[in-house]
Amino acid sequence: MITPAAIVAVASSAALIILGLALILTVWRVVAGPTLPDRILALDMLTGISIGLIAVIAVKTGFSLYIDIAISLGLVGFLATVAFARFVLSRGNIKSPAPTSPAKANSSAKGSAKKRHAGGKKR
């Protein structure tokens with residue numbers, strides 16, 4: 001019969017393998033991310049994966065101080081994500097196209113046509 005300790009040992013080993021693979025893939029996204037927001041999101045994900053790794057190690061070893069470290073890392077990771085988001089917004093990296101309605105497009109075209117003809121020869 002399988003004991004609960006054996007189930008926890010196998011589950012924590014499997015979790016460590018899965019989280020390790022996620023960590024490697026996320027580091028790849030940080031290095032090769034095409035845009036700055038992608039890299040910031042990957043760094044936030046790295047924080048979450050690290051918290052998961054620390055929690056699994058805490059369960060595996062039975063050392064509860066690791067949970068306090070994971071909570072502290074979560075707080076620091078949240079503040080870092082907010083700081084990076086403010087940096088991106090202040091830099092103006094994310095731009096949305098200006099909405100144009102057909103009425104504004106027609107009035108601006110008419111205004112520019114009047115300006116072109118206003119500077120022409122007098123008859």
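Figure 1. Of the contacts in the protein with a separation of 6 or more, 52% join residues 24 or more positions apart. Contact here means heavy atoms within 4.5 Å. This is a predicted model, in which local features need pLDDT of at least 70 and side-chain atom pairs count only at pLDDT 80 or more, while totals for chains, interfaces and linings use all residues. Residues are numbered from 1 along each chain as its sequence is written, and side-chain values use heavy atoms, with hydrogens and water left out. The protein has 4 helices and 0 strands, giving the pattern α-α-α-α along the sequence. Helices (H or I, at least four residues) and strands (E, at least two) are DSSP runs, numbered from the N terminus. Buried residues make up 14% of the 123 residues. Buried means under 20% relative accessible area, exposed over 50%, and partly exposed in between (1.4 Å probe, protein chains only). The protein exposes about 9,600 Å², and carbon and sulfur atoms supply 71% of that area. Accessible areas come from the Shrake-Rupley method with a 1.4 Å probe; for residues, only the protein chains shown count as cover.

**Figure 2. The annotated transmembrane regions.** An unreviewed UniProt entry annotates residues 6-28, 40-59 and 65-89 as "transmembrane region". UniProt positions are given in the numbering used here, feature names are shortened, and annotations may be inferred rather than shown by experiment. Residues 6-28 are 100% helix and 0% strand, with their end C-alpha atoms 33 Å apart. Residues 65-89 are also 100% helix and 0% strand. The end C-alpha atoms of residues 65-89 lie 37 Å apart.

**Figure 3. T26 in helix α1.** T26 sits in helix α1, which runs over residues 4-32. T26 has a relative accessible area of 4%, so this residue is buried. Beyond its neighbours within four places in sequence, T26 is in contact with A42, M45, L46 and I49.

**Figure 4. The F63 and Y66 ring pair.** A search of the whole structure finds 1 aromatic pair. The ring centres of F63 and Y66 lie 5.4 Å apart and the planes meet at 75°, so the pair is edge-to-face. Rings of Phe, Tyr and Trp (its six-membered ring) pair if their centres lie within 6.5 Å; planes under 30 degrees apart count as stacked, over 60 as edge-to-face and the rest as tilted. F63 is partly exposed at 45% relative accessible area. Y66 is partly exposed at 29%.

**Figure 5. A nonpolar patch that includes F63.** F63, L65 and I69 make a nonpolar surface patch of about 280 Å². Patches are made of residues with over 30% relative accessible area and no salt bridge; like charges are joined within 9 Å, nonpolar side chains (Val, Leu, Ile, Met, Phe, Trp, Tyr) within 5 Å. A salt bridge is a side-chain nitrogen of Lys or Arg within 4 Å of a carboxyl oxygen of Asp or Glu. L65 lies in helix α3. The relative accessible area of L65 is 45%, so this residue counts as partly exposed.

Figure 6. I67 is placed in helix α3 and is partly exposed, at 35% relative accessible area. Not counting residues up to four places away in sequence, I67 touches A55 and A58. I51 is 16 residues from I67 along the chain, and their C-alpha atoms are separated by 8.7 Å. A85 also belongs to helix α3, which covers residues 65-91. A85 is partly exposed, with a relative accessible area of 37%. A85 and P37 are 48 residues apart in sequence, yet 8.1 Å apart in space from C-alpha to C-alpha.
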